[in-house]
Amino acid sequence: MLNTQNSPETLTKTLTEPAYSKWDAEKLMQFSANEYMQKLYHRAKNIGDDLYDDRGYEFITLEPEAYKEALVQYMRRRAWSEWYFGTVAQAREITLLAEDQVNLKLRLARQIQDEMRHYDVFAQQLRRYNAEPKISEFVLPPILIQMQKVQVEAETASEIAAANQFAGEIVLSSMTDLETSIFKRLFDKELMDAIYDIERDEPPHIANGRDLILLACETYEQRHRLAVAQEKYLGYMMQLHVTEIIKLGCRRVKPLPVFE
Ligand SMILES: [Fe+2]
Ligand SMILES: [Fe+2]
């Protein structure tokens, strides 16, 4: 899929993405189902590229202890997310799909397996810092609770995908495929290699999202609901991720992307 890296002129400008949730039927129905799916893809990808571009940040030197603490907290949050956003959402998608969607159900089951491996990758990285994921004791930041709520309250497999595989997983792909990824500067080589290892599993997960979106993308009502789920989730996710990046030793020098 297309990589939409920021050009130098747009670096300081606020990224504005279309708020499809506010569009009326006439506007929203001008696209084919396939075009609308691609619009949703690019909206998430543009946000990931903006959020993770190191040119949107200034670096601050942290005390090693403060950096370590922020990094451990970040990896524990990631481990928690692999566990909960990588199993519960997919299990519900499998359950909500029609009986004859055998192939897609199998692909989602395979995704759950991948996500559990990702959890282990973060657990292993945490052990390098003498820490454990301890997900049962992990205190969720309030914004993460909001993100979880969007997924839990989604009523169809397609809406779950709009707030999972076709939102967070697209944004996360910018961690590795963006040349100016901020994480290349914030993480050491071993952690970055672990992230590359995880991200290699992601294209099939995003493809699961694409196919789930396409299953319920025909009517205005369906498109509107997909837009609402994706916007809500991405809105919260941006806030969480920028807070984490800042804690790792940065200051954001441009506003967060907005839906308009
Ligand atoms: Fe994952
Ligand atoms: Fe994934």
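What follows is a short chat about a predicted model of a protein chain.

Visitor: What helices and strands does the protein chain have?
Guide: The protein chain has 12 helices and four strands. This is a predicted model.

Visitor: And what does the C-alpha trace span?
Guide: Along its principal axes, about 55 × 40 × 30 Å. The radius of gyration is 18 Å, which agrees with the value near 18 Å for a compact globule of 260 residues.

Visitor: How much of the chain is buried?
Guide: Buried residues are 38% of the 260. Of the contacts with a separation of 6 or more, 86% are between residues 24 or more positions apart.

Visitor: Switching to helix H6. What does it reach from its first C-alpha to its last?
Guide: H6 covers residues 142-153 and reaches 16 Å, close to the 16 Å expected for its 12 residues.

Visitor: Which residues in H6 are buried?
Guide: Leu144, Met147, Gln148, Val150 and Gln151. They lie on the same side of H6, because they cover an arc of only 150 degrees around the axis.

Visitor: Why would residues three or four places apart point the same way?
Guide: An α-helix has 3.6 residues a turn, so residues at that spacing point the same way.

Visitor: What do the buried ones pack against?
Guide: Helices H3 (64-85), H4 (88-96), H7 (157-162) and H12 (220-247).

Visitor: And the other side of H6, which residues are exposed there?
Guide: Pro142, Ile145 and Glu153 are exposed on that side.

Visitor: New topic: Ala25. Where is it found?
Guide: Ala25 is in helix H1, residues 25-28.

Visitor: Why does Ala25 count as exposed?
Guide: Because Ala25 has 12 C-beta neighbours inside 10 Å, and the cut-off for exposed is 12 or fewer.

Conventions: Residues are numbered from 1 along each chain as its sequence is written. Chains are lettered from A and ligands numbered from 1 in the order in which they are written. This is a predicted model: local features need pLDDT of at least 70, side-chain atom pairs count only at pLDDT 80 or more; totals for chains, interfaces and linings use all residues. Helices (H or I, at least four residues) and strands (E, at least two) are DSSP runs, numbered from the N terminus. A residue is buried if 20 or more other C-beta atoms lie within 10 Å of its own, exposed if 12 or fewer, and partly exposed in between; C-beta atoms are placed from the backbone. The radius of gyration is taken over C-alpha atoms; the globule rule is 2.2 Å times the number of residues to the power 0.38. Two residues are in contact if their C-beta atoms, placed from the backbone, lie within 7 Å. The expected span of a helix is 1.5 Å times one less than its number of residues. The arc is that of the directions from the helix axis to the C-beta atoms.
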